[in-house]
Amino acid sequence: VMNISGATTDGFSHECADIAVDRGIGGEYAARVLDQAARFRGYPRAVRRDQGLKFISRAFLAWATARGVRHILYQPGKPTQKAYNESCDGKFGDECLNEPWFETLVQVRHEIAKWRVDFNEVRPLSNCGRVPPARFGSLHRHAARVTPRQE
């Protein structure tokens, strides 16, 4: 049995930072995935997640506290709070998971990595000005670095 966590997405650029795949995913594992994503993007100000066990575990909450990351849970019965994540997870499920039969973790990780490249670097999204999320994020990260200083 494989456990595939929902996509870890950037709320601003809509980039799919990672999708975790393993035989079991707990709070420590989720924290490692976010640490890995932070190497490129930096730590977020907040993480917004559902009330899954891995996100309310002591290990995950300690990770968030140690890094100064606010932990915000979606409110039960408020589906509009997670509309983008649900949309991304739905596309991921429909396009990557529903058709093939995976026999190994290596195989599923390879297919998911290909899907993430397509999602982030090829597909234009209307929320991103009709450019792919990786390009949108890159443009805004670059603009933030070259903004003139206030004198």
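## The Glu95 and Arg123 pair

Let's begin with glutamate 95, which is partly exposed, with a relative accessible area of 41%. The model you are looking at is a predicted one. In this model, the side chain of glutamate 95 meets that of arginine 123 in a salt bridge, at 2.2 Å from N to O. This pair links distant parts of the chain: glutamate 95 sits in helix H3 (residues 83–97), while arginine 123 sits in the loop between H4 and helix H5 (133–146), 28 residues apart.

Is arginine 123 buried or exposed? At a relative accessible area of 18%, arginine 123 is buried, because the cut-off for buried is under 20%.

## Helix H4 and its buried face

Helix H4 runs over residues 105–121 and has 17 residues. From its first C-alpha to its last, H4 reaches 24 Å, close to the 24 Å expected at 1.5 Å a residue. Which residues of H4 are buried? They are Leu105, Val108, Ile112, Trp115, Phe119 and Asn120. Looking down the axis of H4, you will find these buried residues within an arc of 120°, so they line one face of the helix. On the other side of H4, the exposed residues are Val106 and Glu121.

Glutamate 111 pairs with lysine 114, with 3.4 Å between the closest N and O atoms. Both residues lie in H4, three residues apart, which is about one turn of the helix. Glutamate 111 is partly exposed at a relative accessible area of 27%, and lysine 114 is partly exposed at 46%. Elsewhere, salt bridges that share partners bring Glu95, Asp118 and Arg123 together in one network.

## Aspartate 35 and its partners

How many salt bridges does the structure have? The count comes to five. One of them joins aspartate 35 to arginine 67, with the closest N and O atoms 3.0 Å apart. Aspartate 35 belongs to helix H1 (residues 27–41) and arginine 67 to the loop between helix H2 (58–66) and E6, so the pair ties together parts that are 32 residues apart in sequence. Aspartate 35 counts as buried at 18% relative accessibility, whereas arginine 67, at 34%, counts as partly exposed.

What else does aspartate 35 touch, beyond residues up to four places away in sequence? Its contacts there are Tyr43, Trp63 and Arg67. With tyrosine 43, the side chain of aspartate 35 makes a polar contact to the side chain at 2.5 Å. With tryptophan 63, there is another side-chain to side-chain polar contact, at 2.9 Å. Aspartate 35 and tryptophan 63 are 28 residues apart in sequence, and their C-alpha atoms are 9.2 Å apart in space.

## Isoleucine 72 in strand E6

Now for strand E6, which spans residues 70–73 and includes isoleucine 72. Isoleucine 72 has a relative accessible area of 18%, so it is buried by the cut-off of under 20%. Which residues is isoleucine 72 in contact with, once neighbours within four places in sequence are left aside? They are Ala46, Val47, Arg48 and Arg49. For valine 47, the C-alpha to C-alpha distance from isoleucine 72 is 6.0 Å, although the two residues are 25 residues apart in sequence.

## The cysteines

How many disulfides does the structure hold? The answer is zero. Cysteine 96 is in no disulfide, and its nearest cysteine sulfur, that of cysteine 16, is 9.9 Å away. Why does that distance rule out the pair? A disulfide here needs the two sulfur atoms to be within 2.5 Å, and these are 9.9 Å apart.

As for accessibility, cysteine 16 counts as buried at 0% relative accessibility. Cysteine 96 counts as buried too, with a value of 5%.

How values were computed
Residues numbered from 1 in each chain as written. Predicted model: local features only at pLDDT ≥ 70, side-chain atom pairs only at ≥ 80, totals over all residues. Heavy atoms only, no water. Buried < 20%, exposed > 50% of the residue type's maximum accessible area, 1.4 Å probe, protein only. Helix = DSSP H or I, 4+ residues; strand = E, 2+ residues; numbered from the N terminus. Contact = heavy atoms within 4.5 Å. Expected span 1.5 Å × (residues − 1). Arc of directions from axis to C-beta. Salt bridge = Lys/Arg side-chain N within 4 Å of Asp/Glu carboxyl O. Polar contact = N/O pair within 3.5 Å; in protein donor to acceptor, adjacent residues only side chain to side chain.
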